[in-house]
Amino acid sequence: MLNANISNSQSAAITLFRRLVFDGTVPIEIKIDLKELPANSDRSLEYYYIQAPRISYLPLLLPDIKRHLAEIVLDDTATIKEEDWWFEETGVGNVIKWHWPIGSLYDSHTISARVAATVASTYLNGPDFDPTPAEPLRLTLHLASPPNDKLFTSPTAEACKQAFMGQIKEADFLRWGNTKRVTSLRKQDQDGMWEGLRDHNFEEFWRIASKVLPAPTVHPTSSPSHHEPHTRSQSTDPGSSHDSAYTVRSVPVRIHLPDGPVLQDIVQPLSEDGRPTTLRDLMRAHVPLLFPPPPSAPLAYAIIQGVVTPGDAEIAWLNSTLAGVDGFLSIFVGLGITN
Amino acid sequence: MRSPATLTREQFDAACRSLVELDISGVNGSLSYLPLNWMWKEHSKYSGFGYLYRTVSFQDRGNTEPSSSELDNGGVEDFEDRATIPMMGSSSQISIDQYVVFSNTFRVPSFYFNAYYADGTPLSLLDLVQTSFMRHTVSIPNACTSPSQSILLPQIGEDSVPFPLLTRGDHPTTGAPCWYIHPCETSAAVKELMDEIVGDEWDETNPEKGLLRWFGLWFMVLGSVLNLVSLPFPWARGL
């Protein structure tokens with residue numbers, strides 16, 4: 001299914017990374033807010049742990065949480081209304097967004113926790129410094145009174161699907177200046193992408209997604225201004241197998257700053273001299289105080305899908321392999337000096 | 001030189017600054033339709049995420065046009081009878097927090113807002129589309145009675161409204177949930193108007209032919225969908 005310009009070993013590597021992202025999971029600990037438990041509840045079950053898929057969304061986990069936690073803890077007389085449920089990060093207080101992929105919720109927590117630890121210790125590194133500690137994301141489940149000023153969706157699968165499709169289209173727009181590749185998919189294929197995600201079916205998801213998420217076919221002579229691979233002229237037909245991650249007009253990237261807003265800007269896959277833009281180039285350009293020019297060492301690190309990513313990695317390649325399934329490469333910036 | 005279809009972050013910031021500093025007494029006809037009283041706000045920790053903000057309050061008497069049959073009150077046809085029937089939301093004090101933010105994906109301004117009753121309760125989608133903030137009657141399909149995240153606003157006449165989709169999203173700077181008008185069609189609409197009005201004489205810093213004019217046309221196009229007049233008409237819709 002991948003363009004013949006990629007060698008077999010490159011194509012195997014691309015599939016491997018996509019598979020690792022698709023199957024990646026993060027640990028989540030859930031407890032119900034004790035103050036909301038009615039009198040006859042069983043309080044012996046305090047915490048429920050889930051190893052949750054990074055690409056999934058919290059609302060998709062609710063049936064599981066209901067069956068294995070809520071129904072056990074609450075007695076038969078309690079009415080369970082999942083539409084009123086909401087989550088808060090235990091001890092931190094921030095309301096958890098329903099429409100963010102679980103991997104993003106986890107990585108966002110990792111970098112915020114690092115800020116807190118760095119501020120507390122006043123060191124940017126130390127003997128125990130671990131940029132990606134494997135501790136669970138601790139959530140408190142509230143059963144009622146969702147704060148509507150902080151949450152705009154109700155916890156439904158449909159709302160997540162809409163958010164997911166919205167991101168796929170935005171990413172498509174960023175790459176090509178139009179959303180034709182997504183909108184020209186038959187409805188059953190558009191739904192099929194969501195179903196592949198929801199049902200955790202890698203083959204089904206990528207069978208359709210590869211039509212809209214370009215592979216990193218390498219064109220040494222490509223530059224942003226003319227899109228002609230050295231072997232053949234690029235068709236402007238959407239969905240053409242001539243699409244390459246290196247010929248997009250902007251790579252869909254978001255940089256998450258600790259406790260901050262999300263930075264998004266035009267990111268060209270190749271620089272003026274035709275060299276592929278690297279993660280290091282991107283961070284130096286957009287977060288220069290944390291990633292100063294040489295010979296200074298960086299004061300922060302970039303996490304992608306929970307992994308500290310080397311600065312040499314090419315952004316176009318990263319978007320093609322380590323992006324979330326919604327098409328965006330989400331980079332989380334953590335404070336600290338790694339070795 | 002012709003007008004750009006999209007703006008850079010710097011151009012957006014400059015246009016916003018001009019708008020905030022605009023001395024209305026010195027403004028002539030072509031800019032007098034700009035909605036006013038905006039404040040520039042920045043993110044508390046990071047620069048480069050600034051946006052415009054203002055709050056508008058008004059007494060709303062709701063929909064004065066004949067309702068569509070989907071509305072709850074049973075589809076009253078006669079205008080005079082309608083005006084005497086107390087409606088949900090009739091004569092209520094409504095506040096609308098309004099924001100103009102920069103869309104990084106589409107490289108144009110994007111309009112975000114939240115609407116509240118006097119007691120702080122947010123308006124539901126159904127209530128929102130019946131206020132005078134919306135220019136035209138919107139009929140909500142029955143599927144909308146459960147919480148819905150977006151609706152297509154109606155088009156005016158033959159020319160399609162360039163931002164038809166009203167939907168929920170996170171404010172790009174504050175992260176708070178808001179309603180926003182999807183900006184995907186904006187650049188084409190404004191560019192077309194700018195080319196007609198300014199032609200080859202684009203000059204970024206000239207208020208009549210540059211960024212402020214671009215911004216003004218953006219507001220004008222938005223104003224065909226939403227009522228942005230600073231002292232909004234309390235009950236006139238579609239006028």
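**Notebook: chains A and B, predicted model**

I began with the contacts of chain A: among those with a separation of 6 or more, 72% join residues 24 or more positions apart. The model is predicted, and I read every entry below with that in mind. I took the corresponding value for chain B, which is 62%.

**Overall make-up**

I looked up the secondary structure of chain A and found nine helices and nine strands. Chain A has 339 residues, of which 52% count as buried. For chain B I noted five helices and seven strands. I wrote down the order of elements along chain B as α-β-β-α-β-β-α-β-β-β-α-α. Of the 239 residues in chain B, 51% are buried.

**Residues 158-214 of chain A**

I checked the UniProt record, an unreviewed entry, which lists residues 158-214 of chain A as "domain: Autophagy protein ATG5 alpha-helical bundle region". In the model I find this span to be 75% helix and 0% strand. Its end C-alpha atoms are 26 Å apart.

**Helix 6 against helix 7, chain A**

I turned to a pair of helices next. Two packed helices are described by the angle between their axes and the distance between the axes. I noted the crossing of helix 6 and helix 7 of chain A as left-handed. From helix 6 of chain A the contact takes Asp189(A), Gly192(A), Met193(A), Gly196(A) and Leu197(A). Helix 7 of chain A supplies Glu204(A), Phe205(A), Arg207(A), Ile208(A) and Ala209(A). I sorted the residues of this contact between helix 6 and helix 7 of chain A by class: five are nonpolar, two polar and three charged.

Is Asp189(A) buried or exposed? Asp189(A) counts as buried because its relative accessible area is 3%, against a cut-off of under 20%. I listed what Asp189(A) touches, leaving out neighbours within four places in sequence: Arg207(A), Ile208(A) and Lys211(A).

**Helix 1 against helix 7, chain A**

I also looked at helix 7 (residues 202-209) of chain A from the side of helix 1 (residues 8-23) of chain A. The two axes come within 11 Å, and I have their crossing angle as roughly 120°. How does one class that angle? Helix 1 and helix 7 of chain A are therefore oblique to each other, as roughly perpendicular ends at 115 degrees and roughly antiparallel needs over 145. I recorded the crossing of helix 1 and helix 7 of chain A as right-handed. Helix 1 of chain A contributes Thr15(A), Arg18(A), Arg19(A) and Phe22(A), which meet Phe202(A), Glu203(A), Phe205(A) and Trp206(A) of helix 7 of chain A. By class I noted four nonpolar residues, one polar and three charged in this contact of helix 1 with helix 7 of chain A.

**Residues 251-333 of chain A**

I went back to UniProt, where an unreviewed entry places "domain: Autophagy protein ATG5 UblB" at residues 251-333 of chain A. I find this span to be 18% helix and 22% strand, with its end C-alpha atoms 18 Å apart.

I picked His256(A), located in strand 5 (residues 253-256) of chain A. His256(A) is buried, since its relative accessible area is 8%. Which residues does His256(A) contact, leaving aside its neighbours within four places in sequence? I listed Trp100(A), Ile111(A), Val262(A), Ser330(A), Ile331(A), Phe332(A) and Val333(A). I also took the C-alpha separation of His256(A) and Ile303(A), which is 9.6 Å for two residues 47 apart along the chain.

I checked the peptide bond from Pro294(A) to Pro295(A) and found it cis, with omega near 10°. Pro295(A) belongs to the loop between helix 8 (279-286) and strand 7 (300-304) of chain A.

I noted a positive phi of about 50° at Ser145(A), which is not a glycine. Ser145(A) is in the loop between strand 4 (137-142) and helix 4 (157-176) of chain A. With a relative accessible area of 60%, Ser145(A) is exposed.

In chain B I noted Arg107(B), also not a glycine, with a positive phi of about 60°. Arg107(B) lies in the loop between strand 3 (92-103) and strand 4 (108-117) of chain B. Is Arg107(B) buried or exposed? I have its relative accessibility as 13%, so Arg107(B) counts as buried.

How values were computed
Residues are numbered from 1 along each chain as its sequence is written. Chains are lettered from A and ligands numbered from 1 in the order in which they are written. This is a predicted model: local features need pLDDT of at least 70, side-chain atom pairs count only at pLDDT 80 or more; totals for chains, interfaces and linings use all residues. Side-chain values use heavy atoms; hydrogens and water are left out. UniProt positions are given in the numbering used here, feature names are shortened, and annotations may be inferred rather than shown by experiment. Helices (H or I, at least four residues) and strands (E, at least two) are DSSP runs, numbered from the N terminus. Buried means under 20% relative accessible area, exposed over 50%, partly exposed in between (1.4 Å probe, protein chains only). Contact means heavy atoms within 4.5 Å. Axes are lines fitted to C-alpha atoms, for helices over the stretch in contact, and angles run from 0 to 180 degrees between N-to-C directions. Angles under 35 degrees count as roughly parallel, over 145 as roughly antiparallel, 65 to 115 as roughly perpendicular and the rest as oblique. A crossing is left-handed if the near helix is turned anticlockwise from the far one by less than a right angle, and right-handed if clockwise. Ala, Val, Leu, Ile, Met, Phe, Trp, Tyr, Cys and Pro count as nonpolar, Asp, Glu, Lys and Arg as charged, and the others, Gly among them, as polar.
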